[in-house]
Amino acid sequence: MNPKLLTKIFEEQLLIQAAFSSPRQGNEKVSIRPISIKEKILYQVTRVVDHKALHSNLTAEECQKFILEELIPHFKQGFLYTTDADYHLLMNKKGEVNMLTKPASKTPQDLSHNRSKNHLLPEGAPLPFLVELGIMNAQGKVLPEKGDKFRQINRFLEMVADTLVHFDKATPLHVVDFGCGKAYLTFALYHFLRDTKGFSVEMTGLDLKKDVVQSCQAIAEKLGFTTLHFLHQNIQDFNPKTPIDLMVSLHACDTATDFALSQAVRRASRVILAAPCCQHELYSQITSHSLGGLLQYGILKERFASLATDAARAELLEMHGYTTQLLEFIDSTHTPKNILIRAVAENSAEKKAEAKGRYLLLKNALGISPILEKLLAGEKQPLN
Ligand SMILES: C[S@@+](CC[C@H](N)C(=O)[O-])C[C@H]1O[C@@H](n2cnc3c(N)ncnc32)[C@H](O)[C@@H]1O
């Protein structure tokens, strides 16, 4: 790698995150992120060796040396995410680096070492619902094994917070969480909208697991979350009397996400937030002669099919009048299920037509016929 580029990245403080994987020996991953300690920028190195994380803080100079002398010779690949570009480094046995440059995909994070200071749900003071759900103790400290969940909840609330301009506090906000499971995010969303932001909220969490739904309902009652209700029902059978303003569906399995999206679109939900998970639908459909070199490898085909599913979903939402973003839900070191679809009903006729053009090209190029297209066309499970 060109040392001048590395020097520029550190001198101009461009680094957002670095990640090195596929070691030549052993089982190890290294990630680096800038942090601010006493107004000084340092680089926090996290080495995960055999599932144990070791942290150290380096100066810019030490960090450059560490990358050049220790990481590049030891790993087969690395990523440097900077404010200018993403650099993908591929190292050969001789330590020579082939570097691919792509447009920047990450936005700079808050550099505070103690990130909890800026969480929408702050740590330090007990929040009854987080204590009840076993995420915090009675002193307001997040339990070590629940740290990832706590970060996920906060990240999710940040994404919700950006959409609140689309809602009016004068009327009740109807929210539904499809496939709510144990409802950590449902409770957090209810607390955030009602208690922090002052909305009048009518919320429904819906899931196929009867016992989980019953225990969530009991917790809601205990907490005095009087307008939060849980339903034991299949997403496709949901038939509310009121409209949906905000539809949330996080990691509902496979095509359950498509049923959730189609419910939201057909009930004209103003905002949609969906994090898909374990997409299998397109794996058996995708065919492309020109992509044969990629599709012949099962693991690549699986990942590609999953990305293609989300691309098709995003274009279908755009076609149906939603401005759609695909966002990184939470750092992929915490979960591989890290894409979040955020869509707001506001697309112009022109944008809808452009999306239709892109969707048809994608569909024909890959030979796919996603269920969401059929659901939105009313071919399956018409809403009653
Ligand atoms: C992986 S869990 C996610 C739970 C929660 N949303 C979260 O992010 O922590 C997926 C949940 O979706 C529910 N689910 C899957 N398909 C469903 C369907 N068709 N209707 C209702 N719930 C469904 C499952 O029962 C499960 O509880």
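**Fold, strands and backbone of a predicted model**

Student: This is a predicted model. What share of the contacts with a separation of 6 or more comes from residues 24 or more positions apart?

Tutor: Take the contacts in the chain with a separation of 6 or more. Those between residues 24 or more positions apart account for 63%.

Student: How many helices and strands are there in the chain?

Tutor: Both kinds of element are present in the chain. The helices number 11. The strands number 14.

Student: What radius of gyration does the chain have, and what does the globule rule give?

Tutor: The chain has 384 residues, for which the globule rule gives 21 Å. The chain comes close to that value, so it is as compact as a globular protein of that length. Its radius of gyration is 23 Å.

Student: What percentage of the residues is buried?

Tutor: Buried means under 20% relative accessible area. Of the 384 residues in the chain, those that are buried make up 46%.

Student: How far apart are the centres of the positive and negative side chains?

Tutor: There are 45 positive side chains and 42 negative ones. The centres of the two sets lie apart by 3 Å.

Student: Why is strand S2 described as largely enclosed by the rest of the structure?

Tutor: S2 spans residues 28-37, 10 residues in total. It is largely enclosed because the number of buried residues among them is 7.

Student: Which strand pairs with S2 over 10 bridges?

Tutor: S1 (residues 15-23) runs antiparallel to S2, but 3 bridges join that pair. The pairing over 10 bridges is also antiparallel, and it involves residues 40-49. In it, lysine 29 has valine 48 as its bridge partner. The strand is S3.

Student: Which residue in S2 is the bridge partner of phenylalanine 20?

Tutor: S1 and S2 form a hairpin with 4 residues between the strands. Glycine 26 in this hairpin takes a positive phi near 75°. The partner of phenylalanine 20 in S2 is valine 30.

Student: Is histidine 251 buried or exposed?

Tutor: Histidine 251 sits in strand S11, residues 246-253. Its phi is positive, near 60°, though it is not glycine. Its relative accessible area is 18%, and the cut-off is under 20%. Histidine 251 is therefore buried.

Student: Where is aspartate 254?

Tutor: Aspartate 254 is not a glycine, yet its phi is positive, about 45°. It lies between S11 and helix H7 (256-266), in the loop.

Notes. Residues are numbered from 1 along each chain as its sequence is written. This is a predicted model: local features need pLDDT of at least 70, side-chain atom pairs count only at pLDDT 80 or more; totals for chains, interfaces and linings use all residues. Side-chain values use heavy atoms; hydrogens and water are left out. Helices (H or I, at least four residues) and strands (E, at least two) are DSSP runs, numbered from the N terminus. The radius of gyration is taken over C-alpha atoms; the globule rule is 2.2 Å times the number of residues to the power 0.38. Buried means under 20% relative accessible area, exposed over 50%, partly exposed in between (1.4 Å probe, protein chains only). Contact means heavy atoms within 4.5 Å. Lys and Arg count as positive and Asp and Glu as negative; His and the chain ends are not counted. The place of a charge is taken as NZ of Lys, CZ of Arg, CG of Asp or CD of Glu. Two strands pair if DSSP finds at least two bridges between them.
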